Amino acid sequence: MSVIAVRNIHKRFGNQDVLKGIDLSVAKGETVVLLGSSGSGKSTILRTLNLLDLPDEGDVFLHGNKLGQPRPDGTRRYREGELRSLRRRVGMVFQHFNLFPHLTVEENIMIGLRRVLNYSITQAREKARHHLHHVGLAEKALAFPDTLSGGQRQRVAIARALAMDPDVMLFDEATSALDPERVSEVLRTMRQLSQEGTTMVVVTHELGFAYNVADRVVFLHGGRILEQGTPTEILLHPTHAPTREFLHAHTEFRLPSA
């Protein structure tokens, strides 16, 4: 059974059809990388998986359970409590770190544990420091975000999401706002999580990460899944012209010869 899945998802913004019938299922422990050009629908899929964007049509499943209640018109209604529960179980790391500048690093991690999970201060601090150690930032617990590099701030954001014990982690271009020299430290952390069996869905343009870490690569084009398969199948032997054109344009990573 999948950890998280969507079936026949459609999403529109005004007159623009962004997602056009997406079916995607992610198994426990699987790392799925979503690739595609800007505007192909990658980030919207992520935001649909945790219902930050509510689908206009289609269904979202968590551990095989369909979310929402049916309406007479065929759409689904999502109660606020259900949305809160889903978002606690589906961690998300955004392009920008969204840390509170007036709180220390450990306080940024503790706030969700205190307010959502009702941890005591001692319990929350202990868990925050555990996850800071996990991402290699134990010594930064009492620092403020503006004293950290971009890569360090993104690793704090990852620790904050992990501290909520999510069933799946979503990464939306987690390295795209970083200086090039900081990208590798975040990718190393993400690779470690994948190796530990964390269920992950990753939107990225980092082809090296996709090739070396992903269990499955999904290529999107025009709001649809154009092709999917192993990294070797999609990155070395793509069958569709848009996939080949996308890969040809990304020359910063030299893929192995076929």
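Biologist: Which residues does Gln69 touch, not counting those up to four places away in sequence?

Modeller: In this predicted model, Gln69 touches Thr75, Arg76, Arg77, Tyr78, Arg79 and Glu82. Contact here takes heavy atoms within 4.5 Å. Gln69 itself sits in strand β6 (residues 69-70).

Biologist: Why does Gln69 count as buried?

Modeller: Gln69 has 19% relative accessibility, and buried means under 20%. So Gln69 counts as buried.

Biologist: What makes helix α1 mostly covered?

Modeller: Helix α1 runs over residues 42-49, and six of its eight residues are buried. Those are Lys42, Thr44, Ile45, Leu46, Thr48 and Leu49. Just after α1 comes Leu51, with a positive phi of about 60 degrees.

Biologist: OK, on to the strands. How do you know that β1 and β2 pair?

Modeller: Pairing needs at least two bridges. Strand β1 (residues 2-13) and strand β2 (residues 16-27) have nine, in the antiparallel sense. One of the bridges puts Phe13 with Gln16 of β2. The two strands form a hairpin with two residues between them, and Gly14 in that turn has a positive phi of about 65 degrees.

Biologist: Which strand pairs with β1 over five bridges?

Modeller: That's strand β4 (residues 57-62), again in the antiparallel sense. There, His10 stands opposite Glu57 of β4.

Biologist: Now the inside. What makes a set of residues a nonpolar core, and how many residues does the largest one have?

Modeller: The members have to be buried nonpolar residues joined through side-chain atoms within 4.5 Å. The largest core has 47 residues, and Ile158, Phe171 and Met190 have the most contacts inside it. Helix α5 (residues 150-163) gives the largest share of this core, seven residues. As for Ile158, leaving aside its neighbours within four places in sequence, its contacts are Val93, Val135, Met169, Phe171, Val186, Thr189, Met190 and Leu193. There is also a second, separate core of 29 residues, which includes Ile9, Leu24, Val60 and Leu67.

Biologist: Which residues line the largest cavity?

Modeller: The lining is Glu173, Ala174, Thr175, Leu187, Met190, Val202, Val203 and Thr204. By class, that divides into five nonpolar, two polar and one charged. Met190 turns up in this lining and also among the residues with the most contacts inside the largest core.

Biologist: What makes a pocket something other than a cavity?

Modeller: A pocket is an open set of points, whereas the probe cannot get out of a cavity. About 770 Å³ of space lies in the largest pocket. Of the 27 residues that line it, the closest to its centre are Arg87, Gly112, Val116, Arg160 and Met164.

Biologist: Which element gives the most to the lining of the largest pocket?

Modeller: α2 does, with six residues. Each of α2 (80-89), β8 (90-93), α3 (105-115) and α5 supplies at least two residues of that lining. By class, the pocket lining divides into 14 nonpolar, seven polar and six charged.

How values were computed:
Residues numbered from 1 in each chain as written. Predicted model: local features only at pLDDT ≥ 70, side-chain atom pairs only at ≥ 80, totals over all residues. Heavy atoms only, no water. 1 Å grid on protein atoms, 1.4 Å probe; cavity = no way out; pocket = protein on both sides within 12 Å on 5 of 7 lines; lining within 4 Å. Nonpolar A, V, L, I, M, F, W, Y, C, P; charged D, E, K, R; others polar. Buried < 20%, exposed > 50% of the residue type's maximum accessible area, 1.4 Å probe, protein only. Helix = DSSP H or I, 4+ residues; strand = E, 2+ residues; numbered from the N terminus. Points joined across faces, edges and corners; volume = space filled by probe spheres on them.
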